[in-house]
Amino acid sequence: MSDEALCLGWRTSFVALQRTSSVTGKLRLAWMRQLYLDEMERRHPQGFANWFDSGARAGSDPSRFLTPRQPPPAAQH
């Protein structure tokens, strides 16, 4: 799973958690979200810490802290 997919999974699982009414479904999603957090921290410990220090919320997007931003390629003349 790419970093982008990991962050997308984190965000979409929040929406799914809000929409799920069954206890079993909520437990499954909570477990999945814990796995997402564990993997984010394993891959990018400093970015993960920075995300939390910035006031991370359950539905927030961690991608700017975890995924490298590549500048657009320079135009060649």
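**Exercise 1.** How many helices and how many strands does the secondary structure of the chain come to?

*Solution.* The model is a predicted one, and its secondary structure amounts to four helices and zero strands.

**Exercise 2.** Determine which residues of H1 are buried, and how they are arranged about the helix axis.

*Solution.* Taking under 20% relative accessible area as the criterion for burial, one finds Asp3, Leu6, Cys7, Gly9, Trp10, Ser13 and Leu17 buried in H1. Viewed down the axis of H1, these buried residues fall within an arc of 155 degrees, so they line one face of the helix. The face turned away from this buried side carries the exposed residues Gln18 and Arg19. As for what covers the buried residues of H1, the cover includes helix H2 (23-43), helix H3 (45-53) and helix H4 (63-66).

**Exercise 3.** Describe burial, contacts and exposed surface for the chain as a whole.

*Solution.* Of the 77 residues in the chain, 29% are buried. Among contacts between residues at least 6 apart in sequence, 52% join residues at least 24 apart. Finally, the chain exposes about 5,600 Å², of which carbon and sulfur atoms supply 57%.

Conventions
Residues are numbered from 1 along each chain as its sequence is written. This is a predicted model: local features need pLDDT of at least 70, side-chain atom pairs count only at pLDDT 80 or more; totals for chains, interfaces and linings use all residues. Side-chain values use heavy atoms; hydrogens and water are left out. Buried means under 20% relative accessible area, exposed over 50%, partly exposed in between (1.4 Å probe, protein chains only). Helices (H or I, at least four residues) and strands (E, at least two) are DSSP runs, numbered from the N terminus. The arc is that of the directions from the helix axis to the C-beta atoms. Contact means heavy atoms within 4.5 Å. Accessible areas come from the Shrake-Rupley method with a 1.4 Å probe; for residues, only the protein chains shown count as cover.
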